[in-house]
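Open the structure in your viewer and keep the selection tool ready. Each stop below says what to select and what is there.

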Amino acid sequence: MEYLVGIKKIDDPGGSPLAWSDSTIDKLALVIGDIIEKTGFNLKTLRNASIMLHPNLVRPHTTRPASFSDPRVILATAKLMQDVGVKEISVGENPGFGYPARKAFHESGLISHLNKMNVKTLYFDESEWMTVNNPEARLYHDVTVSKHLMDCDCFVNIPKMKTHMLTQVSLCVKNVLGVIHDDQRMLFHRNDIADKVVDLNLLRMPDLNIVDGLWPMEGQAPFHGDAIEGFNVIVAGKNAAAVDAVCCRVMGFEVNEVPHVQLALKRICNIRDYNESVVVKGDSIGDVKRRFKRPVLSSMAQFGFVECIECGVCNGCLSAIRHSLDWLKMETDCSNIPVATVVSGRPMPNMNTLNRWKGELFLFGNCAAEFQFFDADRRNKGIWVPGCPPHVLDLAKLIKNINQ
Ligand code: SF4
């Protein structure tokens, strides 16, 4: 089977993720329509269909315009669908981690534009959920997802092109996490996130994927990376795994460096080597390729205000710790924070790591709880941060509160 993926580098779409004109939306709608058609998707089949667009609106903020799906791409896609004559069009998201969808739509600057275009907003966290059995699952056999996902005729996935500390990249396959209920979102948020996101895709595959690479993010993404302003690339196609494989190459990653994309190719498309079956249309990968800065996962010896000791730890806790520390560094004055020590992962037997820690001691994650019960001397030493992994901002809040 052949999977078609379209790439388009746009000279200048006009505006930015924070400000744009109607002509920018018109121009982008034409570009996106052209790429979609090149991948074999017949837009006319959408007449009289209900369409749900699903962007990435995880903690959007005007100070980080490259961290969420560009409103220009979302609005241009909505316009394209309206021009085709669809029955109903909506935009839905659940940012997760307790962040309200309603706030995300406002912070992204989208809400007034969507209202003006008569596009419905779906706040998944305020709407109906349904639990669905997934016979293809390895992990999520029964999973609770937004009912809107299962009800819509056409599910259009609009992820941001960005690197990601836990998964290397965040693109189409991973963006589907935004349809899941918060109670289940943090399950399997460790090395098993690869199977987790593929499970969700197999439950309800996106019918169309449009990757926003206008201002992608590199480095310490998903939130604290650097914007690549004016990259101005759109990648699209029907198959999420194939589109992700092409995006990896565009971002300077080999596909097999990114476990969840490699796994998606195998579990969704039944191929191991994307060169076998993925065909690129429009611009070539070589025309647009750039080596994105890699995210750094470890926090060891990286921050002056905290000493990190990594024991038998997996990527789940490493990512949550690094996320908190990057957040503190970017959003607060770290010069006032007293030195602290963070220990993660399971200790080795007879280990003396904790004999001389500095400042407040945090035992991060369920695996690190063993330190408290390792021997009588260590009992009650340190503040245990429960979770597998804990919330990505738990550590930041605790460190900020030292001495307050
Ligand atoms: S508690 Fe242990 S298994 Fe769970 S995320 Fe942390 S290191 Fe991984």
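Predicted model: local features only at pLDDT ≥ 70, side-chain atom pairs only at ≥ 80, totals over all residues.

**Ligand shell.** Select the ligand and its surroundings. The shell holds Arg-190, Val-313, Cys-314, Cys-317, Gly-365, Asn-366, Cys-367, Gly-387, Cys-388 and Pro-389. By class, six of the shell residues are nonpolar, three polar and one charged.

**A cis bond at the shell.** Stay on Cys-388 and Pro-389, both from the ligand's surroundings. The peptide bond joining them is cis, with omega near 0°. Pro-389 sits in the loop between strand E17 (383–385) and helix H14 (394–400).

Go to Ala-221 and Pro-222. Their peptide bond is cis too, with omega near 20°. Look for Pro-222 in the loop between strand E10 (208–218) and strand E11 (226–227).

**Helix pair.** Now select H1 (residues 22–38) and H2 (residues 71–84). Their axes lie 8 Å apart, at an angle of about 70°. The two helices are therefore roughly perpendicular. Their crossing is right-handed. On H1, contact residues include Leu-28, Ile-32 and Ile-36; on H2, they include Val-73, Leu-75 and Leu-80. The contact of H1 with H2 counts nine nonpolar, three polar and three charged residues.

**Positive phi.** Which phi does Gln-168 have, although it is not a glycine? The value is positive, about 75°. Gln-168 belongs to strand E9 (residues 168–170). Gln-168 is partly exposed, with a relative accessible area of 28%.

Finish at Asn-232, in the loop between E11 and strand E12 (233–237). Asn-232 is not a glycine, yet has a positive phi of about 55°. Buried or exposed, with a relative accessible area of 7%? Asn-232 is buried.

Notes:
Residues numbered from 1 in each chain as written. Heavy atoms only, no water. Near = heavy atom within 4 Å. Nonpolar A, V, L, I, M, F, W, Y, C, P; charged D, E, K, R; others polar. Axes fitted to C-alpha atoms, helices over the stretch in contact; angles between N-to-C directions. Helix = DSSP H or I, 4+ residues; strand = E, 2+ residues; numbered from the N terminus. Parallel < 35°, antiparallel > 145°, perpendicular 65-115°, else oblique. Left-handed = near helix turned anticlockwise from the far one by under 90°. Contact = heavy atoms within 4.5 Å. Buried < 20%, exposed > 50% of the residue type's maximum accessible area, 1.4 Å probe, protein only.
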